[in-house]
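Dear colleague,

Please find below the structure I said I would pass on, together with its sequence. My notes follow it, and I would be glad if you read them with the model open beside you.

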Amino acid sequence: MTAATGKSANPASPLAPEWLQVPADLNALHEPMWAAGVARNGDGELAIDGIPVSELQRQYGTPLFVMSENDFRARARAFSDAFNDAFADICGGVDVYYAGKSFLCTAVVRWVEEEGLRLDTASGGELAVAARAGIPGADVALHGNNKSDAEIHRALDMKLGRIVVDSLAELDRVATIAAARNETARVMLRLTPGVYAHTHEFIATAHEDQKFGLSMAGDSTEQAGLSAAEEAVAAASGYDSIELLGLHCHIGSQIFEPDGFALAAEKLLDFLAAMQAKYSIVLPELDLGGGYGIAYTPVDSPRPATEIAQAMAAVVRSKCAELSITAPRISIEPGRAIVGTTTFTLYEVGTLKTVRVDTPAGGTAGTADEEPENVTYPRRYVSVDGGMSDNARPVLYDADYSAILATRTSDAAPQLSRVVGKHCESGDIVVRDVYLPEDVAAGDLLAVPGTGAYCWALSSNYNYLARPGVVAVRDGSVRLIVRGETEQDLLNRDMGV
């Protein structure tokens, strides 16, 4: 008998991945995956700041993104405080840019500004949100590998603090547009340091064979012996309409190992020193990007902001001393690490279906001529009222998530389950493998933690599902910060007769 449930122990299913363990208590919350303020109330129901999920469903429906404003603000302050403390003796502190691509709305922009952070954007649309929220342009950056002329004009209209240039051609376009306006564009150059990040191929962004950045490898341009990065530095210094602030890199996302960040910092500082020696160009700023991982499952172990900051500061301090250069002003761009854990998605359970999956029997057959017998094991499919339209990450990156029964506690035995959406795709999977109580039933609510980053931002209207709303909870009160779409919203853009 297990102490947690009083039921017979249920061993791990052979269909489960090796990392997935049967929880000792299906009702417990693994704290690193949840925002502060999320807990079960006295009735066993999941609640945030004391507001039960059933009340949130009653007011706003499901699916629903449920966000803790307090947790967002606390994580933003934690990064700002940790990095400012760690770099105080090196360069006087750090500029923390919240990566808006992870999740952006006007309320979030205001939180970012109020907590002393800056904002990183990646499109004209994100700039429009920033402008509507009223954040000063000097505190905003614009990224992107294919900025339109209109986006460059908007960046100059808003007097952005930095435009992160991604190619030689773009550098020339920014310079030409700024010159025609008789203005100066403040520019950073995004470099590709050739660092391998331990993450999914599609979110690793600092190796050579991908679309982002100016290569630091030699002979990568028409000028023999020059890398694209070096040619860009030389070219930028020759434009009267460009103020070259410094260098930028970003090695990827959802990274736990520190080695890649340290190596990228060393490579960029080496390059910065080389440019200073060769061209007498002093670049005052260095952006080391973001990509710090969060806990999506119980086996994920994110590093605290203080640990990340101290490790990166040690590298910069040591390298600058080795090169005998003045440390540049450092900036970073955490997005997922600030917003990801602040939010969970609330779903209502619909259809349940259990299938039998054939698996080769363990061990060997009795004789060399005998084939191992197949053994079938159950896998339960738990369908919810959302899916890949509100969380595309599992189908894009094979991203793993977890889930809990949110409506109530249960003493039922754990059953290996796959939480799936309602879309016409077999790959429409919300949580690939999770143990849920075997008495989960239609009408129950499930909560999937860690959905604050890149879920709403990647949402779609596939199968003409309306995108969910986002609510923010603070100190026991809840308000809608992004309205959920209606069918009328979808039909309003249909111009057919």
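Just after α5, K159 takes a positive phi of about 55°; helices here are DSSP runs of H or I with at least four residues, strands are runs of E with at least two, and both are numbered from the N terminus. Please bear in mind that this is a predicted model, in which local features need pLDDT of at least 70 and side-chain atom pairs count only at pLDDT 80 or more, while totals for chains, interfaces and linings use all residues. Residues are numbered from 1 along each chain as its sequence is written, and side-chain values use heavy atoms, with hydrogens and water left out.

Helix α5 itself spans residues 149–157, and its buried residues are E151, I152, A155 and L156, where buried means under 20% relative accessible area, exposed over 50% and partly exposed in between, with a 1.4 Å probe and protein chains only. Seen down the helix axis, these buried residues fall within an arc of 140°, so they line one face of α5; the arc is taken from the directions from the helix axis to the C-beta atoms. On the face turned away from that buried side, α5 carries the exposed residues A150 and D157. The cover over the buried residues of α5 includes α4 (124–133), β7 (140–142), β8 (162–165), α6 (168–180) and β9 (185–192), with contact meaning heavy atoms within 4.5 Å.

The bridge partner of L142 in β8 is I163. From β8, R162 and V164 point one way and I163 and V165 the other way, and all are buried.

Helix α7 (residues 228–237) has 7 of its 10 residues buried, so it is largely enclosed by the rest of the structure. The buried residues of α7 are A228, A229, E230, E231, A232, V233 and A236, and they pack against α6, β9, β10 (214–215), β11 (242–248) and α8 (259–279).

**Aromatic pairs and cysteines**

The structure holds 10 aromatic pairs, counted where rings of Phe, Tyr and Trp (its six-membered ring) have centres within 6.5 Å, with planes under 30 degrees apart called stacked, over 60 edge-to-face and the rest tilted. In one of them, the rings of F103 and W456 have their centres 5.6 Å apart and their planes at 90°, so the pair is edge-to-face. This pair links distant parts of the chain, 353 residues apart, with F103 in the loop between β5 (94–99) and α3 (106–114) and W456 in the loop between β19 (445–449) and β20 (469–474). F103 is buried at a relative accessible area of 3%, whereas W456 counts as partly exposed at 23% relative accessibility. Elsewhere, F79, F83, F87, F261 and Y292 form one aromatic cluster.

How many disulfides does a search of the whole structure find? The search finds 0 disulfides, a disulfide being a pair of cysteine sulfur atoms within 2.5 Å. The sulfur of C105, a buried residue with a relative accessible area of 6%, is 15 Å from the closest cysteine sulfur, in C455, which is too far for a bond. C320 is in no disulfide either, the nearest cysteine sulfur, that of C91, being 8.4 Å away.

With best regards

How values were computed. Pairing = 2+ DSSP bridges.
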